[in-house]
Amino acid sequence: MRASRLLSILLLLQSRGRLTARQLAGELEVSVRTIYRDVESLHAAGIPLYGEAGHEGGYRLMDGFRTRLTGLTEREAAALSLAGLPGPAADLGLGALLAAAELKIEAALPAGLREEARRVRAHFLLDAPGWYYDGDRSPYLPEIAEAVWTTRVVHVRYRRWAEPCEVERRLEPYGLVLKAGKWYLVARCDGALRTYRVGQILALTVTDETFERPEGFDLERHWREHLAGFRSRLLRGHAVVRLSPRGRERLGEVMSSAVAGAVDETAGPPDERGWVAATVPIESVTHARTEFLKLGAEVEVLEPAELRREMAATAHALAALYPPASRPASPPAQGPASGPAQGSAAGSPSRLP
């Protein structure tokens with residue numbers, strides 16, 4: 001561990017020039033005292049490293065000195081596939097490997113390319129989870145990732161929605177998928193490939209038993225096929241709705257692409273107010289009611305009758321909570337909004353905060 005840290009100090013100084021002991025300590029997540037000891041060790045090893053005192057001081061390497069110890073290890077090279085996702089890499093237990101790999105590559109680049117790489121990092125960032133969701137937090141994710149990597153069988157206690165809610169499963173983990181901030185495990189169970197939400201795993205045991213992962217298995221292709229099948233099974237019904245111009249405009253913000261696409265395909269000519277009628281797929285009456293309520297008075301459900309009754313009952317219940325007598329005499333002063341901007345949808349704000 002210490003040898004790796006000494007090499008990291010050399011690579012940091014080589015790629016970034018002068019750095020203070022406090023800056024090095026922050027980069028390597030150690031104390032300043034540890035950096036002082038490491039610098040003394042590098043001096044003793046004959047590394048041409050010197051320090052400058054004062055406000056603009058710090059440590060730097062003698063001009064012309066470059067270490068050639070920049071080769072990537074096997075695991076560091078593998079971690080580079082997550083270079084655009086530092087948060088998920090850390091969740092998988094690969095954060096340190098990824099940081100080391102990126103540092104080695106940066107140190108090996110010519111000065112001009114090194115500066116360009118820094119500019120890209122300063123201007124572009126990928127944040128995978130949604131606006132109001134920080135992603136799964138599972139204590140078992142690093143262990144599952146290691147089991148995927150080493151093709152080891154795991155035993156899990158899993159919470160599912162159907163009865164019985166808690167089940168025991170023996171799984172052969174084929175791969176992990178991150179979708180919208182949530183981690184999913186693709187694993188073989190009882191001879192069939194299934195998908196498990198990592199956040200629903202209640203207990204995990206990694207065994208010494210190994211399994212053979214099929215040579216032709218393609219995780220990306222399997223996931224695409226799984227999503228296509230899931231969507232086709234999920235959207236089993238249809239509803240006929242009327243949408244205002246504003247409702248149609250907001251449709252893509254608050255509802256799925258399948259619903260938005262269906263409106264584009266089936267919408268008739270607008271009436272004198274600009275409203276259009278369209279047929280859209282729905283999962284269930286209960287789910288559709290929740291989804292359509294996001295559009296408020298910008299949508300009217302025409303069919304099925306059960307869904308129309310559910311929408312009407314909800315509207316009456318809301319009206320009972322807010323009778324005209326309970327309204328304030330004058331509207332409150334409009335100050336800076338403390339929550340999402342008006343017109344924003346859970347998961348996709350219309351204006352950046």
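This briefing walks through a protein structure, from its overall make-up to a few individual residues. The model is a predicted one. Its secondary structure comes to 13 helices and 10 strands. Of the 353 residues in the protein, 33% are buried. Among contacts with a separation of 6 or more, 59% are between residues 24 or more positions apart.

**The nonpolar cores**

- Here is a general idea to start with: in soluble globular proteins, nonpolar side chains tend to be buried together.
- The largest nonpolar core in this protein has 22 residues, and the members that touch the most others are L243, L251, F292 and L307.
- Seven elements are listed as giving two or more residues to this core: the helices α10 (245-254), α11 (257-266), α12 and α13, along with the strands β8 (237-243), β9 (276-282) and β10 (299-303).
- A separate second core holds 20 residues, including V148, L176, A187 and I201.
- What does L243 touch, leaving aside its neighbours within four places in sequence? Its contacts are R248, L251, V263, G274, W275, V276, L295, E298 and V299.

**Helices α12 and α13**

- Helix α12 covers residues 285-293 and helix α13 covers residues 305-321; they pack at about 50°, and their axes are 10 Å apart.
- The crossing of α12 past α13 is right-handed.
- On the α12 side, the residues that meet α13 are V285, A288, R289, F292 and L293; their partners in α13 are E306, L307, E310, M311 and T314.
- Sorted by class, this contact of α12 with α13 has six nonpolar residues, one polar and three charged.

**Helices α2 and α3**

- How are α2 and α3 placed, in angle and in distance between axes? They pack at an angle of about 105°, and their axes are 8 Å apart.
- That angle makes α2 roughly perpendicular to α3, since the range for this class is 65 to 115 degrees.
- From α2, the residues A21, R22, L24, A25 and L28 meet V32, I35 and Y36 of α3.
- The contact of α2 with α3 is made up of seven nonpolar residues and one charged residue, with no polar ones.

- R242 is a residue of strand β8.
- In sequence, R242 and L302 are 60 residues apart, yet their C-alpha atoms are 7.3 Å apart in space.
- Not counting residues up to four places away in sequence, R242 touches D271, R273, W275, V276, A277, E298, V299, E300 and L302.
- V254 sits in helix α10, and 6.8 Å separates its C-alpha atom from that of K294, which is 40 residues away along the chain.

**Buried or exposed?**

- V254 counts as buried because its relative accessibility is 9%, and the limit for this class is under 20%.
- H222 belongs to helix α9 (residues 219-234).
- With a relative accessible area of 16%, H222 is buried too.
- Apart from residues up to four places away in sequence, H222 touches V186, L193 and F217.
- E29, in the loop between α2 (21-28) and α3 (32-44), is exposed, with 73% relative accessibility.
- D190, in the loop between β5 (182-189) and β6 (192-197), is exposed at 70% relative accessibility.

**Backbone details to look for**

- E29 is not a glycine, but it has a positive phi of about 55°.
- D190, another residue other than glycine, has a positive phi near 55°.
- Where is the cis peptide bond that joins E303 to its partner? This bond is between E303 and P304, and its omega is about 0°.
- You can find P304 in the loop between β10 and α13.

How values were computed
Residues numbered from 1 in each chain as written. Predicted model: local features only at pLDDT ≥ 70, side-chain atom pairs only at ≥ 80, totals over all residues. Heavy atoms only, no water. Axes fitted to C-alpha atoms, helices over the stretch in contact; angles between N-to-C directions. Helix = DSSP H or I, 4+ residues; strand = E, 2+ residues; numbered from the N terminus. Left-handed = near helix turned anticlockwise from the far one by under 90°. Contact = heavy atoms within 4.5 Å. Nonpolar A, V, L, I, M, F, W, Y, C, P; charged D, E, K, R; others polar. Buried < 20%, exposed > 50% of the residue type's maximum accessible area, 1.4 Å probe, protein only. Core = buried A, V, L, I, M, F, W, Y, C linked by side-chain atoms within 4.5 Å. Parallel < 35°, antiparallel > 145°, perpendicular 65-115°, else oblique.
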